[in-house]
Amino acid sequence: MADVLKGTLVVGQSGGITAAINSSLIGVVHEAMQHAEIDGIYGAVHGVEGILAERFIDLRRESRRTLQRLVSTPSACLGACRYKLSDADYRRILDVFKAHNVRYFVYIGGNDSADTSHKIAKLAQEVGYDLRVMGVPKTIDNDLPITDHCPGYGSAARFIAISTMDAGLDTEGMRLVDPIKIVETMGRNAGWLAAASALGKRDEVEAPHLIYMPERGLDVDRFLADVEGVYRRLGYAVIVVTETIRDPKGVPVGQIEDDLFTDSFGHKRLTGAGQFLCNLISRKLKVKARWDKPGTLQRASSAIVSRVDLEEAYMVGRDAVRHATAGTSDRIVVLVRENGPKYRCTTGLAPLEAIANTEKRLPDDYIAPAGNFVTDAFVQYARPLIGGPLRRHARLKRYFVASLLGSM
């Protein structure tokens with residue numbers, strides 16, 4: 001059994017926010033309150049930037065009711081950040097931790113946050129400062145390796161699935177005016193979120209009809225042929241694409257790589273895929289096309305959340321503290337799916353270094369051979385994560401009345 005290490009716990013949130021990141025935070029807080037060796041629970045305002053500025057919130061002073069309500073509140077209540085630390089910054093963080101007797105650090109984030117956490121843990125070990133560092137996974141992109149899936153993904157996937165169902169009915173009803181609809185989803189270099197648009201589809205008529213993900217390059221001529229085929233068959237079409245879709249050579253499709261909005265980790269903002277493809281369809285196929293971009297709503301909506309996602313996010317937060325107080329450091333909590341006919345997930349541990357700066361993309365067996373849809377294997381993987389069945393929309397049988405005057 002590890003020696004009891006008495007001190008303060010600091011928890012921070014980093015990267016893009018989700019509908020479940022606060023649930024992980026409260027899991028950390030609730031568990032920390034159960035351990036006598038943790039004599040302070042501080043929230044870092046805007047992640048590592050808050051630590052550098054010594055901007056902490058005393059989470060023990062928040063009411064029990066507020067903490068409980070935060071479990072189902074989206075966004076990052078502490079404030080998130082995208083900040084790449086310099087060598088001097090890492091040393092400053094340790095100085096701040098020493099001044100406040102911080103012995104436990106839990107960082108909730110994705111690939112870049114894992115790298116930051118690992119480097120803090122490594123420096124603490126090098127200088128002989130007893131600090132236990134734990135990562136808690138979070139990203140709607142679902143692109144962290146080792147973990148079966150990421151907290152935040154299930155809620156965003158549910159949002160996209162329902163939104164695509166609704167966009168399909170909108171397009172079907174307006175097909176004489178707006179017969180083609182493109183839905184542009186988030187997803188840095190992986191198509192997990194775009195793929196989730198298929199989770200509400202029951203038959204050929206329902207949306208989406210085509211899905212394009214960054215794991216496969218988008219050939220413009222093939223894309224146009226696919227769209228025209230659906231349109232000629234159904235009279236309308238709904239297509240889902242990721243905002244980072246690229247051609248077979250890796251060039252962004254109709255997008256602008258915005259150097260002005262490149263973050264400190266080198267991630268450029270990519271814009272314009274949906275609009276470009278709509279213009280292409282209208283120009284080449286002579287059919288009107290519109291595009292919808294849910295934007296940040298897909299990651300932050302409280303209207304559509306997955307209960308499974310919230311519960312698992314809370315679980316990984318609690319388990320991070322349990323492992324830290326037991327002596328574990330430089331690790332991230334991961335979700336492990338158990339075998340069996342009924343979905344069940346437990347937690348495990350992975351080295352932070354194995355998660356850092358690494359992306360898990362959609363495997364080939366989750367993508368249809370034509371590269372324009374997903375397979376049943378993906379649906380079986382993702383459906384349990386969205387928290388129960390989706391609402392079924394009604395459809396008229398359409399019993400047409402016989403014509404008395406003949407066609408016009």
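Colleague: What span should the 19 residues of helix α11 have, and how far apart are its end C-alpha atoms?

Modeller: Please keep in mind that this is a predicted model. Helix α11 covers residues 307–325, and at 1.5 Å a residue its 19 residues should span 27 Å. The expected span is taken over one less than the number of residues, and it agrees with the distance between the end C-alpha atoms, which is 28 Å.

Colleague: Which residue caps the N-terminal end of α11?

Modeller: The place to look is the backbone nitrogen of Val 308, which has a side-chain oxygen 3.3 Å from it. The oxygen belongs to the capping residue, Ser 306.

Colleague: Is Ser 24, which lies in helix α1, buried or exposed?

Modeller: Helix α1 takes in residues 21–32, and Ser 24 is one of them. Leaving aside neighbours within four places in sequence, Ser 24 is in contact with several residues, including Ile 108, Val 136 and Tyr 314. Its relative accessible area is 1%, and because the limit is under 20%, Ser 24 counts as buried.

Colleague: How many disulfides does the count come to?

Modeller: A disulfide needs two cysteine sulfur atoms within 2.5 Å, and by this rule the count comes to zero disulfides. For Cys 150, the nearest cysteine sulfur is that of Cys 345, 11 Å away, so Cys 150 is in no disulfide by the 2.5 Å limit. The number of disulfides is therefore zero under that rule.

Technical notes
Residues are numbered from 1 along each chain as its sequence is written. This is a predicted model: local features need pLDDT of at least 70, side-chain atom pairs count only at pLDDT 80 or more; totals for chains, interfaces and linings use all residues. Side-chain values use heavy atoms; hydrogens and water are left out. Helices (H or I, at least four residues) and strands (E, at least two) are DSSP runs, numbered from the N terminus. Buried means under 20% relative accessible area, exposed over 50%, partly exposed in between (1.4 Å probe, protein chains only). Contact means heavy atoms within 4.5 Å. A polar contact is a pair of N or O atoms within 3.5 Å; within protein, one must be able to donate a hydrogen and the other to accept it, and residues adjacent in sequence count only if both atoms are side-chain atoms.
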